[in-house]
Structure formats: structure tokens, C-alpha cells
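Please look through the sequence and the model before reading my remarks. They are written for someone new to structures.

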Amino acid sequence: MKKVLSSGIGAVAGLALVMFFLVLTFMIFGQPVGASLKAMYVGSVADWNAWSKTLVKMTPLILTGLGAGVAWRAGMYNIGGEGQFILGGVGSAWLAKMVVFPNLALGGLTLPALLLASMAGGAVWSGIAAWLYLKRGVDVVIGTILLNFIAKYLIEWTINGPLQEAKHQLPQSDALPQAAMLMRFDRQHDANIGVFIAVIVAVGIAICLFATASGYRLRVVGASPSAARANLIPSQRVQMMAMLLSGALCGLAGGLDYVGVSGQIGIGFSQQWGFLGIPVALLGGLHPLGILASGAFFGMLFAGSEQMARSSAVGTTLIYVVQAAVVLAVVFARGIERKVLPQVEAEP
């Protein structure tokens with residue numbers, strides 16, 4: 001009961017601080033508070049058009065957030081979600097170039113194969129960083145960051161080389177045929193069943209982490225390496241598996257974007273989803289269900305911010321300021337919760 005009370009206090013404080021920081025941001029930029037809040041509401045949840053934008057944005061945020069969360073739970077601070085997202089898209093596009101475009105040879109297995117290819121691409125990229133850390137002592141933070149840059153140049157090479165569209169006129173891949181893409185809810189919007197995949201994956205990761213022996217070992221390795229050694233848990237193997245799963249999740253985010261929204265890869269394939277997954281994971285408390293809620297919240301924030309930017313003289317700059325303000329608000333709320341919890345538990 002006391003923990004529930006403290007969590008409730010943290011939630012209330014979080015909501016209050018979010019509103020405070022939002023209002024403060026609007027005032028600093030000279031924006032009308034009421035009109036700005038209304039624009040965010042209209043752009044995120046007011047109608048199906050707004051909801052479709054929110055769903056499209058929350059899907060990669062949930063998956064890259066899960067990727068960061070799984071790795072960080074194992075003590076592997078994966079900052080390479082962006083590169084793994086990109087390699088996920090490249091993996092799917094490569095399989096499409098080799099198999100799908102020639103004759104749709106995979107038939108009904110096309111979509112699963114493309115998504116598995118995206119997971120493989122992300123897992124390979126994170127696996128490189130894990131190997132460098134575990135076998136060569138290269139700090140995983142540095143390794144994953146540097147691999148992000150390599151991934152950026154790799155996608156530029158592929159879309160100007162082996163994966164370039166058939167006419168070789170534009171730096172992008174051929175567009176996927178409609179039969180090879182995820183089902184959309186309607187023809188007018190990009191929202192598709194990929195969001196259901198993200199939700200199912202989040203629930204599955206939660207079960208894996210908190211209801212299986214493998215998940216328990218992963219959490220022990222991340223929380224207390226000495227306890228893991230004392231219990232003869234193979235820490236290096238657990239951390240390698242955690243990084244491979246992390247990369248696969250970020251790669252899946254790239255695959256879902258490829259087969260669900262864009263249908264092709266180009267220079268602007270990723271909109272920083274891999275980097276944005278990190279605050280999503282942190283604000284979700286590194287818990288899969290918390291990340292699910294955090295991803296949904298950030299999806300609404302992104303969609304609403306874009307609507308607000310279209311009606312503001314400040315433009316898109318305000319999007320990033322609002323997002324940063326919300327992150328600060330939640331960080332403050334978590335600090336309040338950490339201070340209140342010991343006091344509540346200490347009461348008789």
C-alpha cells in the first residue's frame with residue numbers, strides 16, 4: 001500500500017511538472033499557452049488522422065526503447081540503437097532486392113522473412129559492439145556510438161550502390177510492392193498493424209525478463225556482477241545474448257518502418273528513432289510495460305508537437321524544446337519519487 005501511495009505521488013508530481021514545463025516553454029517562446037496545448041491535442045489524439053500519426057511514431061519508439069532497456073538491464077549500455085535501426089532497414093531492403101523484387105519467390109513468407117532479416121541486421125550490428133567489449137575490452141558505449149557513424153555511411157553506400165533503385169537516378173532503394181508491405185488500417189493513413197507487433201513484443205519481453213530463469217539471470221548480471229559470479233552465472237554469455245536481443249529489437253523497428261511506412265530506404269530513413277529510444281527506456285524505468293507506456297506518450301508528444309510547429313512562427317525548433325522539457329519534467333518527478341519512497345516506507 002505504501003509503495004502504491006509513493007508511486008501515485010510520483011505520477012501526480014510527474015503530470016504536474018509536465019504541465020509546468022510545457023507552459024513555461026510556451027511562455028519563453030512567446031506562444032499562446034491555450035492555443036499551443038490545443039494544437040498538441042489536435043495533432044495527437046483529436047481524431048483518427050491524429051491517432052494514425054501517433055501510432056506510426058510510437059511503434060519505433062517502443063521497439064528501440066525496449067532494445068535499450070534489455071541491454072541496460074544486463075549492464076550493457078547500448079547507445080547504438082540508431083545504427084541497429086538502420087541496419088535493420090538495410091537487412092530487409094537487401095533481402096527484398098535479392099528475393100522479393102525478382103519474382104516474389106517467398107510468397108506468404110515474404111513479410112516474416114523481411115522482418116527476420118531486419119532483426120538479423122540489427123543483431124549483427126549490436127553483436128559486433130558486444131564482441132569488441134567482451135573480447136577486446138572496447139567500452140560498449142564508445143563501440144556502439146562509433147558503429148552508429150559507420151551505419152550512417154553504410155546506408156549511404158548501399159543506396160548509391162547495390163541497393164539503388166533500378167533506374168540509378170535517385171539515392172534510394174526501389175519501393176516495395178504493396179503485397180510485401182504490412183496491412184494498413186486504411187488507405188489514407190500510414191498507421192498499420194506494426195503497432196500491434198510492438199505491443200506484443202513488449203509484453204513478451206516483460207514475461208521473459210520477469211517470469212523466466214533467463215530473464216532473472218540477465219537482471220542479476222546487470223544489477224550485481226559479483227552476485228552473478230557467486231552464483232556461477234556466465235555473465236559474458238548473458239551479456240552477449242542481451243546485446244543480440246537488443247540489436248534485434250532495434251533492427252525490427254527499422255524493418256517495421258521499411259515494410260509498414262516508407263517501403264524503401266534512403267538518406268532520411270531513420271528520424272533518430274534509435275537515439276530517441278534511450279529517453280523512452282529511461283522514462284519507462286527500463287521495464288517493458290513502462291517503456292510501452294512511455295513510447296505511447298512520446299508518440300503523442302511528437303505528433304502533437306509537429307501540429308503545433310505548423311501553426312507557430314517558431315517552427316520545428318519548438319518540437320525539440322518541448323520534448324526536452326517533458327524529459328526534464330519526468331526526471332524531476334522520478335527524483336521526487338525516490339525521495340518520497342523511503343519516507344513512506346519508514347512510516348509505521
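1. Basis of the note. This is a predicted model, in which local features need pLDDT of at least 70, side-chain atom pairs count only at pLDDT 80 or more, and totals for chains, interfaces and linings use all residues. Residues are numbered from 1 along each chain as its sequence is written, and side-chain values use heavy atoms, with hydrogens and water left out.

2. Overall make-up. The protein has 13 helices and zero strands; helices (H or I, at least four residues) and strands (E, at least two) are DSSP runs, numbered from the N terminus. Read from the N terminus, the elements run α-α-α-α-α-α-α-α-α-α-α-α-α. Of the 348 residues, 49% are buried. Buried means under 20% relative accessible area, exposed over 50%, and partly exposed in between (1.4 Å probe, protein chains only).

3. Contacts along the chain. Contact means heavy atoms within 4.5 Å. Among contacts with a separation of 6 or more, 76% are between residues 24 or more positions apart.

4. Helices H3 and H12. The axes of H3 (residues 48-73) and H12 (residues 288-310) come within 7 Å and cross at roughly 140°. Axes are lines fitted to C-alpha atoms, for helices over the stretch in contact, and angles run from 0 to 180 degrees between N-to-C directions. H3 and H12 are therefore oblique to each other; angles under 35 degrees count as roughly parallel, over 145 as roughly antiparallel, 65 to 115 as roughly perpendicular and the rest as oblique. Their crossing is right-handed. A crossing is left-handed if the near helix is turned anticlockwise from the far one by less than a right angle, and right-handed if clockwise.

5. Residues between H3 and H12. On the H3 side the contact includes Trp 51, Thr 54, Leu 61 and Gly 65, and on the H12 side it includes Ala 296, Gly 299, Met 300 and Phe 302. The contact residues of this pair divide into 13 nonpolar, five polar and four charged. Here Ala, Val, Leu, Ile, Met, Phe, Trp, Tyr, Cys and Pro count as nonpolar, Asp, Glu, Lys and Arg as charged, and the others, Gly among them, as polar.

6. Helices H2 and H3. H2 (residues 33-44) packs on H3 at an angle of about 80°, with the axes 6 Å apart, and the two are therefore roughly perpendicular. Val 42, Gly 43 and Ser 44 of H2 meet Ala 50, Trp 51 and Thr 54 of H3. These residues divide into three nonpolar, three polar and no charged.

7. Thr 54. Is Thr 54 buried or exposed? At 0% relative accessibility, Thr 54 counts as buried. Thr 54 lies in helix H3 and touches Ser 44, Ala 296, Gly 299, Met 300 and Ala 303, leaving out residues up to four places away in sequence.

8. Helix H11. Eight of the 11 residues of H11 (residues 273-283) are buried, so this helix is largely enclosed by the rest of the structure. The buried residues include Trp 273, Leu 276, Ile 278 and Val 280. Just after H11, Gly 285 takes a positive phi of about 70°.

9. Trp 273. This residue of H11 is buried, with a relative accessible area of 4%. Trp 273 and Leu 61 are 212 residues apart in sequence, yet their C-alpha atoms are 6.2 Å apart. Apart from neighbours within four places in sequence, the contacts of Trp 273 include Lys 57, Leu 61, Glu 82, Asp 257 and Phe 302.

10. Helices H5 and H6. The axes of H5 (residues 110-136) and H6 come within 9 Å and cross at roughly 145°, and the crossing is right-handed. Trp 125, Ile 128, Ala 129 and Tyr 133 of H5 take part, with residues of H6 that include Leu 147 and Ile 150. The contact residues divide into nine nonpolar, two polar and no charged.

11. Ala 180. This residue lies in the loop between H6 (140-159) and H7 (194-211) and is buried, with a relative accessible area of 1%. Ala 180 and Thr 110 are 70 residues apart along the chain, with their C-alpha atoms separated by 6.3 Å.

12. Cysteines. A disulfide is a covalent bond between the sulfur atoms of two cysteines. The rule used is a pair of cysteine sulfur atoms within 2.5 Å, and the count comes to zero. Cys 208 is partly exposed, at 32% relative accessible area, whereas Cys 250 is buried, at 1%.
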